[in-house]
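Let's take a walk through this structure together, one piece at a time.

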2 protein chains.
Amino acid sequence: MQAEVINTGSELLLGLVTNTHLGYLAGELAPCGVTIARQVCVPDGPPIREALEAALDRSDLVFTTGGLGPTTDDITREAAAELLGLPLRPDEEILAGIRQRFARRGLPMADRIARQAMVPAGTEVLPNPNGTAPGLYFPPPVLGGHRARHLFLLPGPPRELRPMFVDHVLPKLRAVLPPSSFRERRIYRLTGIGESQVEERIGKQLEERGDLEVGYCARPSEVDFRLIGPPAILAETEPAIRAVVGEWIYSDGAALEAAVVDLLREKKLTVATAESCTGGSLAGRLTNVPGASEVFLAGYVTYGNEAKENTLGVPASLLAVHGAVSEPVAVAMAEGARRVSGARYALSTTGIAGPGGGTEDKPVGTVYVALAAEGYPTVVRRCYFPLDRVTFKHMTTSAALDLLRRRILGLPLELGGGSSSPRLG
Amino acid sequence: MQAEVINTGSELLLGLVTNTHLGYLAGELAPCGVTIARQVCVPDGPPIREALEAALDRSDLVFTTGGLGPTTDDITREAAAELLGLPLRPDEEILAGIRQRFARRGLPMADRIARQAMVPAGTEVLPNPNGTAPGLYFPPPVLGGHRARHLFLLPGPPRELRPMFVDHVLPKLRAVLPPSSFRERRIYRLTGIGESQVEERIGKQLEERGDLEVGYCARPSEVDFRLIGPPAILAETEPAIRAVVGEWIYSDGAALEAAVVDLLREKKLTVATAESCTGGSLAGRLTNVPGASEVFLAGYVTYGNEAKENTLGVPASLLAVHGAVSEPVAVAMAEGARRVSGARYALSTTGIAGPGGGTEDKPVGTVYVALAAEGYPTVVRRCYFPLDRVTFKHMTTSAALDLLRRRILGLPLELGGGSSSPRLG
């Protein structure tokens with residue numbers, strides 16, 4: 001079933017507010033078997049009617065956001081009523097509710113506020129406990145000869161729209177859409193493997209079944225592999241997916257750092273970090289996770305050589321012979337961090353983030369990531385992420401987190417595949 | 001002049017990626033006298049042609065984003081060429097560039113990659129140093145009878161689109177749009193003061209002049225104060241703005257951490273960090289700035305009490321008497337970091353990021369920020385940012401950076417105004 005979303009609001013087109021409605025609605029509608037086939041953003045004013053007419057003729061479901069407020073440029077309600085030839089009538093209950101809201105806050109109520117209590121004949125009111133403007137549902141009878149069977153007018157502010165969607169739109173959809181259309185969504189988040197490898201190893205094969213919707217979303221170091229389909233089919237395919245790409249799957253939704261912190265908490269293990277090129281970002285990612293304080297002991301951002309020597313005990317000779325960006329220094333940093341902090345594990349990073357500092361042997365983007373672990377020899381990996389500074393840091397810290405994840409889970413300590421090869425273009 | 005933006009990409013409609021193109025393009029186009037009158041998002045595939053045709057007939061300028069890549073669903077280039085009846089020809093220079101990119105990284109180049117080197121006759125190539133797919137500019141002659149005079153096809157990833165826009169689209173617009181439409185945009189970035197205070201102190205007064213467009217964009221800890229107008233008027237108003245809100249202005253575009261690193265580099269000063277609750281984010285922000293290695297010596301993420309004692313020499317008695325989240329511990333951390341690193345300045349943070357750990361005296365969101373500086377007594381400030389963990393860390397690190405900025409510039413060391421008072425609702 002295909003939906004169309006019409007966002008109104010000059011603030012969106014002026015770039016003052018980022019449009020987050022599309023992502024929210026898409027996520028909520030997918031398990032209902034509804035795909036958003038088109039989204040359009042029009043300014044407050046006459047283009048709304050035109051967009052509404054086109055959408056009603058093109059899609060099964062139409063959602064509008066915004067334009068339900070009290071000001072003169074809020075005309076979504078009026079445009080829809082006029083287009084469908086429905087007279088507007090004041091709804092006493094809404095009016096009483098709005099009056100109460102104003103009275104409670106001791107504010108005078110301007111006449112134009114009452115506009116929000118006007119309801120087109122034959123439509124249903126969707127209550128808005130978080131604002132004055134209610135939403136509206138237009139059922140099939142009032143949509144007449146249009147293709148669309150359902151039209152929802154929703155408020156613009158996300159903190160009004162989202163609760164209304166959960167409390168009133170979803171129940172309505174469950175009541176009016178065929179039960180067979182409802183499906184489940186499952187997301188596998190992977191790192192260390194490229195989108196195309198996931199597609200080749202399992203995605204194509206699942207796509208060919210014909211009863212699953214297969215999708216990918218690649219970000220630096222990460223792939224989200226997404227399946228939508230009947231719950232039974234999703235459960236059935238799970239073992240096959242785990243069998244071929246299981247070791248790269250780090251969560252079903254949580255960020256990599258959250259997955260790693262959860263593993264550490266679960267097994268009561270501790271970690272420290274020693275960072276050069278990533279400059280605190282690795283510690284920063286770990287400590288973004290609530291509860292990180294249970295497992296994260298300390299981080300050392302040893303940017304200069306002196307700090308590497310003084311804080312972590314990296315031998316000056318090692319720095320002189322191999323340079324700060326080298327395998328032996330990465331190893332010494334990780335081992336030093338473990339020794340100084342007393343943590344079970346320590347991760348280190350040393351590399352050339354750029355834009356300056358590259359050499360022929362070690363071009364900008366070269367980085368060493370090491371993991372020192374109690375009871376194991378320290379491992380170190382060389383990666384190459386020739387990208388902007390922030391992406392370089394993100395990919396390097398992901399490689400480090402994945403190394404730790406793999407060590408904890410007893411998986412092969414490879415950082416191969418997609419993670420070391422950033423996507424081009 | 002009216003523009004229309006067509007975003008392609010199923011990942012946008014599926015809600016996997018937030019559409020940030022609209023905000024970016026709106027901001028860049030405003031000083032060119034161009035307003036975005038409509039934005040539409042269509043899935044990869046046939047709807048692109050239909051959207052393109054409608055847009056070319058409706059608007060003066062059309063921008064597409066996405067669909068220029070190598071896979072079969074990337075069809076924006078082909079759809080535009082077909083719609084306008086332009087034959088596609090391989091561009092040897094682009095092809096050589098793509099080949100080089102792959103060779104440099106030792107990756108094999110699939111045949112379909114070459115699609116990205118196809119160029120519709122009569123169009124101009126917009127180079128893409130950050131990806132394989134170049135952009136394309138369609139000048140008036142190839143747009144024939146359509147209303148639109150200029151069509152730009154831009155890549156989907158923001159890190160490719162944005163540099164291309166600045167380096168190639170803006171110069172082109174300057175060459176083809178009437179000079180009278182161009183205005184200048186000036187952005188003042190402020191921290192430590194709220195949006196409404198900026199409006200009250202100077203914004204209203206400038207708005208009343210009538211010859212300037214005044215805008216605000218508030219983010220946690222920051223306000224962008226934006227003026228668009230004739231260059232002479234902007235130059236004339238500058239002293240008045242500096243006179244009333246000058247001390248809160250940290251840059252005309254650069255991030256706060258970049259402004260601070262620039263100040264340190266300019267004056268050849270060094271800094272170190274000692275972080276508890278911000279967990280490496282302060283070091284991370286400083287080291288996001290290219291050239292940070294010249295001024296940033298070391299960072300200590302002393303999350304646990306032991307690390308605070310061992311690494312920074314915070315007395316155990318201080319921790320026992322006052323607790324880790326306290327003024328004396330913040331001071332001891334900053335002074336310890338300065339002593340251990342030998343830096344001219346050291347910043348420290350200790351607080352309660354939440355969700356757990358709050359008390360009646362020190363609720364979640366309480367944080368102390370201290371600055372130790374050679375030749376000055378150490379200063380410490382208590383702030384309160386009762387927000388989600390990531391926002392809390394951002395606001396705390398901003399407060400620390402601003403304290404250092406003010407010290408270097410000899411400004412009052414107040415963290416008052418908007419920065420300590422998070423915006424509610």
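**A guided tour of two chains**

Start in chain B, where the axes of helix 8 (residues 195–209) and helix 9 (residues 231–245) come within 10 Å and cross at roughly 165°. Keep in mind that you are looking at a predicted model. An angle over 145° counts as roughly antiparallel, and helix 8 of chain B and helix 9 of chain B are therefore roughly antiparallel to each other. The crossing of these two helices of chain B is right-handed.

Which residues meet here? From helix 8 of chain B come B:Val198, B:Arg201, B:Ile202 and B:Leu206, and they meet B:Thr237, B:Ala240, B:Ile241, B:Val244 and B:Val245 of helix 9 of chain B. Sorted by class, this contact between helix 8 and helix 9 of chain B has 7 nonpolar, 1 polar and 1 charged residues.

Now hop over to chain A for another pair of helices. Helix 10 (residues 256–266) of chain A packs against helix 15 (residues 389–409) of chain A at an angle of about 30°, and their axes are 10 Å apart. That angle makes helix 10 of chain A roughly parallel to helix 15 of chain A. Here the crossing is left-handed. On the helix 10 side of chain A you can find A:Leu256, A:Glu257, A:Ala259, A:Val260 and A:Leu263, which meet residues of helix 15 of chain A including A:Leu401, A:Leu404 and A:Ile408. By class, the contact of helix 10 with helix 15 of chain A has 7 nonpolar, 1 polar and 3 charged residues.

Next, zoom out to see how chain A is divided. Its domain assignment gives domain 1 (2–180), domain 2 (183–251) and domain 3 (256–419). The C-alpha centres of domain 2 and domain 3 of chain A lie 29 Å apart. Where these two domains of chain A touch, domain 2 gives 12 residues and domain 3 gives 13 residues. On the domain 2 side, helix 8 (195–209) and strand 12 (249–251) of chain A are the elements that give two or more residues. The residues on that side of domain 2 of chain A divide into 4 nonpolar, 6 polar and 2 charged.

How do the two chains meet? The contact takes 55 residues from chain A and 58 residues from chain B. Among the elements that give two or more residues to the chain A side are helix 2 (21–29), strand 2 (35–42) and helix 12 (305–312) of chain A. By class, that side of chain A has 29 nonpolar, 22 polar and 4 charged residues.

Look closely at strand 2 of chain A, which runs antiparallel to strand 2 (residues 35–42) of chain B and is joined to that strand by 3 bridges. Here A:Cys41 stands opposite B:Gln39.

This pairing belongs to an open sheet of 12 strands with mixed pairing, in the order 6(A)-7(A)-8(A)-3(A)-1(A)-2(A)-2(B)-1(B)-3(B)-8(B)-7(B)-6(B). Strand 6 (124–126) of chain A and strand 6 (124–126) of chain B stand at the edges, each with a single partner strand, so one side of each is left without a neighbour in the sheet. On average, neighbouring strands of this sheet are turned by 15° against each other, direction ignored.

For a last stop, find strand 7 (residues 135–138) and strand 8 (residues 150–154) of chain B, which pair in the antiparallel sense over 3 bridges. B:Tyr137 has B:Phe152 in strand 8 of chain B as its bridge partner.

Conventions. Residues are numbered from 1 along each chain as its sequence is written. Chains are lettered from A and ligands numbered from 1 in the order in which they are written. This is a predicted model: local features need pLDDT of at least 70, side-chain atom pairs count only at pLDDT 80 or more; totals for chains, interfaces and linings use all residues. Axes are lines fitted to C-alpha atoms, for helices over the stretch in contact, and angles run from 0 to 180 degrees between N-to-C directions. Helices (H or I, at least four residues) and strands (E, at least two) are DSSP runs, numbered from the N terminus. Angles under 35 degrees count as roughly parallel, over 145 as roughly antiparallel, 65 to 115 as roughly perpendicular and the rest as oblique. A crossing is left-handed if the near helix is turned anticlockwise from the far one by less than a right angle, and right-handed if clockwise. Two residues are in contact if their C-beta atoms, placed from the backbone, lie within 7 Å. Ala, Val, Leu, Ile, Met, Phe, Trp, Tyr, Cys and Pro count as nonpolar, Asp, Glu, Lys and Arg as charged, and the others, Gly among them, as polar. Two strands pair if DSSP finds at least two bridges between them. Domain bounds come from an automatic or database domain assignment.
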